[in-house]
Each structure stands twice: as C-alpha cells, then as structure tokens.
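The following explanation leads the reader through one structure, part by part. Please keep the sequence and the three-dimensional view at hand while reading.

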Amino acid sequence: MADIIRAAPPVMNNLSYVQPTASSPWGTYLAQVDRVGPYMGSLARWVETLRRPKRALIVDVPIELDNGEIVHFEGYRVQHNLSRGPGKGGVRYHPAVTLEEVMALSAWMTVKNAAVNLPYGGAKGGIRVDPAKLSLKELERVTRRYTSEIGGIIGPQQDIPAPDVNTNAQVMAWMMDTYSMNTGTTATGVVTGKPIHLGGSLGRVKATGRGVFVTGAEAMRRLNIPMAGARIAVQGYGNVGSNAALLFAVAGAKIVAVQDHTGTVYNAAGLDAPRLAAHVVHTGGVGGFSGGEGIPPESFWDAETDVLIPAALEGQITAPRAERLRARLVLEAANGPTVPEADDILAARGITVLPDVICNAGGVIVSYFEWVQDFSSYFWTEEEINQRLDKIIVDALAHIWHTAQQHGIPLRTGAFTVACGRILMARQERGLYP
Ligand code: NAD
C-alpha cells in the first residue's frame, strides 16, 4: 500500500487559474485522485477528466447595505463533473471562500454522489462574505443577486444547489424564489434543503448528522468499539456536528470534547449534548458553556477519545495533529478535514478514517429524496425518509469497506475507487463530444 502511495504522481495540475499546494483543498483532492489510478484498470485513460472541473463561474455580487453604502462580494459556482447527472452541491458563505476551495468541494461532491450511487454529478458554490456582519435584508440581497448571476447554469435538470456552511433553509427559499421569478415558473426543484412548506423534505435538516451517526455506528461495530460509553470529540457544533453528537449521546456514547470558532470545552464525564446545543443557539457558539471546562484550542487534539468527528472546515487534521490524535476512529463529517500527509500518518498508526464522501453523504441523499419528491409532487413521511437513507448509506459503506479490504487500501481510496469507477465508466459510455 505504502509503495503505491509513494509511486503516485505529483498533485499539481496545469490549470492556469489555481496554484494548489500539497495541503490546500484542491491539492488534497488531486492527491486523493492520484491514489485511485492503479485500481481503475482500462478506465485509467479517463482519469485526467477528474483533475479538471468542467466549468467554473466567478461572479461579482454587488449590494446596497442598509446604510446606503455599495459593497461587492466575489461569488463562485463550479460544476466539476456532469457525466452521471445534473450538478449537485451546496453553497457556502464564508469570508475565506476561494475559487480553489469551491473547486475541491465540487470535486468531492462528484465523488460523494457516485460513492452512494446518486444520479448526480458534482458542483459547489460559495460567496466570499462574512454573513455575521450582514443584516437579514442584506443577506437576502446578497443571495438574490448571487442566484441571478449564476442563474444561467443552475436549474432542476442542470445543477441543484443546497445549504452548506452558513447557509440554511431561508437562504434556499430566497434562491428558489429568485430563480422562479427570473424564469417565470415555480421551480421548487432548483434547490434542496428548502423549508417544508416550499417543497422541502422532512428529515433534510438532520440528515447529514444522521448519516454521520449511522455510518459511524456501523464502522464502530466493524471495529469492535462499543457504543456504550464511547468517548467522542466533535469539532464544529453547527448543523452537522450537533445533530451527530445528539444521536451519539442518545445511543449511549459520551461527548467529551467540543470545539468551534468560539471556544473549546472538555468534560471527561461527558457533556450534556442537548443543553450544549441550546447554549449554541442562544450564544452563537460552544464558548462559555458551563457544563464543562474551557481548554486551549490546541488541547482539543490531545483529548483521549475513541472517536473524533471533525465537523467544521477543511484541512483541520494536519500532519502534526495526526501524530498526536488519541482516537481509534475518525468520522469525517466535514468535507476534506484530513490532509494527505495526515492520512498516511493515521493509517500507519492504525487509526481508521471513515472518509467524508461516505460519512457525510446523508445530506445529499435526502436532498436527492427532496428533488424526487418535488418532481412527483408527492411527499414521504419522515420514517420512510430515514429508512431509505439508512439503507442507501449502510449498503454504500459495506461496498466501500469490501473494496478497501479486497485491495488492502484505506477506506478513502476504497471509496474513491468505487466512485471514480462509476464516473469514468459513464464518461467512457457517453464518449467525447463532438
Ligand atoms: P454550520 O455553519 O452549521 O457549522 C459550522 C461549524 O464549524 C460551526 O460550529 C462553527 O463554529 C465551526 N467552525 C467554523 N470555523 C471554525 C474553526 N476555525 N475552528 C473550529 N470550528 C469552526 O455548517 P455545517 O452545515 O454543520 O457544515 C459543517 C461541515 O460539514 C462543512 O465542512 C460542510 O461542508 C460539511 N457538510 C455539511 C452538510 C450539510 O448538510 N449541512 C453536508 C455535507 C457536509
């Protein structure tokens, strides 16, 4: 295994508009793709397709602030690959968003959708903005202008955005309304993660956290880690992190450490997950939570745990942190939290990493259900949705686990092997146009 990794070609590619490094998001993605080449057989001749986004749009998003000032933000929509279906992927509002990051996130969506066999390609969007500094009306103006600017390349059969970091059902409602006004339709299927009365799906808000719990519990079972009393650390207590933590706590595990942008809290006896979630809703973060002890941010990575759940941003598990981690299993709830060098260190230390492309796929699976329900205008119960979600994600995990074991490779390379095989087969069957 180590020989294959060392023999992999360099991560750089010759796109003129990005300069990836070994640990930047696009560099991380390229290194991950490099590792599947040996398992692609005759499809390997198509692998370069995965190293190039099909389309990347950069838009100017000017708005008038409430005080009359005009400000400009930079927005992106990247469609990485559309071989297997329309683009699908979230929209992120964050002051550090870059084209390179959105490219990587769109590529991970291509792989994720194929890993769980949804009929989608991969896309992602973002605006370089700090939404905490905008009023609700300003946020609406940003969202509507961005939606209009990318309106030519999105659509229910073209590319379907969804929530990601700092975006939610309200933002999706504005996107749906703007697209509908511009096209003279009521296009509920243009976005997923909408409010329920606008064609949203039951279970969507909690779906990613649920998928993290369901795949995590399955991985723990396979690794003989008992759920009762399992010590869990969670970085990021937003939508995904908090919903996953609540389900683990209900199942009998202990949430011993949490970290977000406001602080780090530790309690060896276990934090009260529902109380912590309420504290976050009231105060905007975990910092200052009275049910545990505040510790320095870097100490989070030294906490003695059984399971670590990164549920914040990319690139958090660096090589030095991977050397220090005291966990048996990493559940990648965030997209791209582990840099390639750290992946190798964790593998060498016998720490299993359940990769993002399967671990956090619950959200896009229920987004797919939402899209299907919108097309048929017939809505399912939450019970039906959860049952179907659990089946798809557990079956996909079993397939990936088996593939990894068969080749003696880490789960990430196993997941990429399954997914890239499907994507490149579709590409080959379609052939090159013209
Ligand atoms: P969110 O905005 O609800 O929460 C983000 C969390 O990250 C917050 O708790 C925030 O405090 C924390 N955070 C931000 N910067 C941080 C920092 N520097 N250090 C520590 N914590 C920090 O977002 P979310 O929807 O929960 O998404 C979290 C991750 O899950 C992202 O990587 C996202 O791409 C991924 N994801 C989300 C979904 C979904 O359905 N929402 C689906 C798949 C993957």
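Which residues of α4 are buried? In this predicted model, the buried residues of that helix are E138, L139, E140, V142, T143, Y146 and T147. Helix α4 covers residues 136-149, 14 residues in total, and reaches 20 Å from its first C-alpha to its last, close to the 20 Å expected at 1.5 Å a residue.

Strand β3 spans residues 87-94 and includes Y93. Y93 counts as buried because its relative accessibility is 0%, a value under the 20% limit for that class. Beyond its neighbours within four places in sequence, Y93 is in contact with L139 and T143, and also with I127, V129, P131, V165, N166, T167 and V171. By comparison, Q32 lies 61 residues from Y93 in sequence, and the two C-alpha atoms are 26 Å apart in space.

One of the contacts of Y93 is N166, which is found in the loop between β5 (159-163) and α5. The phi angle of N166 is near 65 degrees, a positive value in a residue other than glycine. N166 is partly exposed, because its relative accessible area is 44%. N117 also has a positive phi, near 65 degrees, and is likewise not a glycine. The loop that holds N117 runs between α3 (99-115) and β4. With a relative accessibility of 44%, N117 counts as partly exposed.

The ligand is the next point of interest. How many residues surround the ligand? There are 21, and the closest are D164, T208, H261, A312 and N335. The shell consists of eight nonpolar, nine polar and four charged residues. On its own the ligand has 820 Å² of accessible area, of which the protein covers 84%. The elements that give two or more residues to the shell are α6 (204-222) and α7 (239-250).

The peptide bond from Y433 to P434 is cis, with omega near 5 degrees. P434 belongs to the segment after α14 (411-430).

How values were computed:
Residues numbered from 1 in each chain as written. Predicted model: local features only at pLDDT ≥ 70, side-chain atom pairs only at ≥ 80, totals over all residues. Heavy atoms only, no water. Helix = DSSP H or I, 4+ residues; strand = E, 2+ residues; numbered from the N terminus. Buried < 20%, exposed > 50% of the residue type's maximum accessible area, 1.4 Å probe, protein only. Contact = heavy atoms within 4.5 Å. Expected span 1.5 Å × (residues − 1). Near = heavy atom within 4 Å. Areas by Shrake-Rupley, 256 points an atom, 1.4 Å probe, with all protein chains shown as cover. Nonpolar A, V, L, I, M, F, W, Y, C, P; charged D, E, K, R; others polar.
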